[in-house]
Amino acid sequence: MSTAKIIGPELPNIPWEERPRGCRDVVWRSERNPIITREAVPNTNSIFNSAVVPFEDGFAGVFRCDNTARVMQLHAGMSQDGIHWEIEPQRIQFQCDDDEIGHFVYGYDPRVCWLEDRYYVTWCNGYHGPTIGVGYTYDFKTFYQMENAFLPYNRNGVLFPRKINGKFAMLSRPSDRGHTPFGDIFYSESPDMIHWGHHRHVMSPVGGWQSTKIGAGPTPIETTEGWLLIYHGVLTSCNGFVYSFGAALLDLEQPWRVIHRTRPYLLNPREYYECVGDVPNVVFPCAALCDPPTGRIAIYYGGADTVTCLAYAYFDELMDFIKGNSL
């Protein structure tokens with residue numbers, strides 16, 4: 001049994017369901033899935049690939065809501081229990097000092113990270129192609145947009161929840177115009193959340209479920225043995241892409257150094273709501289809540305690019321699986 005510990009505040013009100021009887025999986029699905037369907041917001045085609053964080057006495061989130069014109073947009077939402085959500089019917093209107101950067105084209109696949117004194121939001125932002133948009137909020141009512149982190153083309157920008165060696169830190173996946181011969185995760189640092197450099201390679205696709213491309217998922221979880229990173233991987237099958245997710249352990253002070261990485265996946269598309277939708281065969285993790293005293297972890301993921309789902313794991317079991325099934 002792993003002796004590692006999660007570093008962070010306790011979260012006793014985490015959404016949670018015990019592992020179903022007879023289930024031996026390290027990660028198991030909520031019996032309430034999908035917890036958010038496309039009907040949750042009027043005139044919405046789909047709600048998926050969304051980010052959730054603790055907020056006040058409940059939870060807040062930024063949700064990918066593609067409307068019926070199929071424009072990819074970001075909406076804010078609130079919940080008392082992390083399962084039942086009230087999502088704003090209108091997209092987030094970021095306040096931005098630069099009209100060129102603040103001009104909305106599209107936004108999708110957000111992540112939210114509490115860092116120092118505010119909630120930072122990163123997302124795939126349309127600026128002459130997809131790049132990493134960066135913004136922040138204090139209350140999930142007013143949102144401020146900063147400079148894009150990188151040049152196009154880039155996706156899956158995920159911040160670390162604290163500075164590393166005095167610098168803000170982010171994972172991302174440089175890409176191209178399509179879906180995509182570039183599939184590697186990289187690490188970057190910034191002194192001010194505007195100017196990014198010190199780029200370091202982290203991981204590449206390796207085969208099987210993660211053979212085409214990989215991308216960082218939820219905000220990395222700090223532990224006594226390294227950063228726990230849940231990430232997605234893509235296999236190109238004869239019927240198209242298949243998105244699954246696994247996990248890795250990264251060095252605490254040099255996160256581009258991979259300590260362990262799962263060879264098998266932790267979750268792959270099997271349920272109807274993961275296999276049937278706008279994009280079939282997708283599980284895509286974007287957020288994770290954890291309660292250090294109990295080791296409970298709740299993972300939010302998108303199903304088939306259509307709905308939002310929940311899965312659960314125990315930290316010590318997850319760490320044992322990563323170490324025992326590492327590449």
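A: Four strands, β2 (44-55), β6 (107-115), β15 (221-223) and β19 (283-291), each supply at least two residues of the lining of the largest pocket. Strands here are DSSP runs of E with at least two residues, numbered from the N terminus. β19 gives the most to this lining, with five residues.

The model is predicted: local features need pLDDT of at least 70 and side-chain atom pairs count only at pLDDT 80 or more, while totals for chains, interfaces and linings use all residues. Residues are numbered from 1 along each chain as its sequence is written, and side-chain values use heavy atoms, with hydrogens and water left out.

Now to the pocket itself. A pocket is an open set of points on a 1 Å grid over the protein atoms alone, where a 1.4 Å probe fits, with protein on both sides within 12 Å along at least five of seven lines; lining residues have an atom within 4 Å of a point. The largest pocket holds about 660 Å³ of space, a volume being the space filled by probe spheres set on the points, which are joined across faces, edges and corners.

In total, 28 residues line the largest pocket, and P9, P54, W114, P161 and C290 lie nearest its centre. By type, the lining has 22 nonpolar, two polar and four charged residues. Here Ala, Val, Leu, Ile, Met, Phe, Trp, Tyr, Cys and Pro count as nonpolar, Asp, Glu, Lys and Arg as charged, and the others, Gly among them, as polar.

For context, the second largest pocket has a volume of about 330 Å³.
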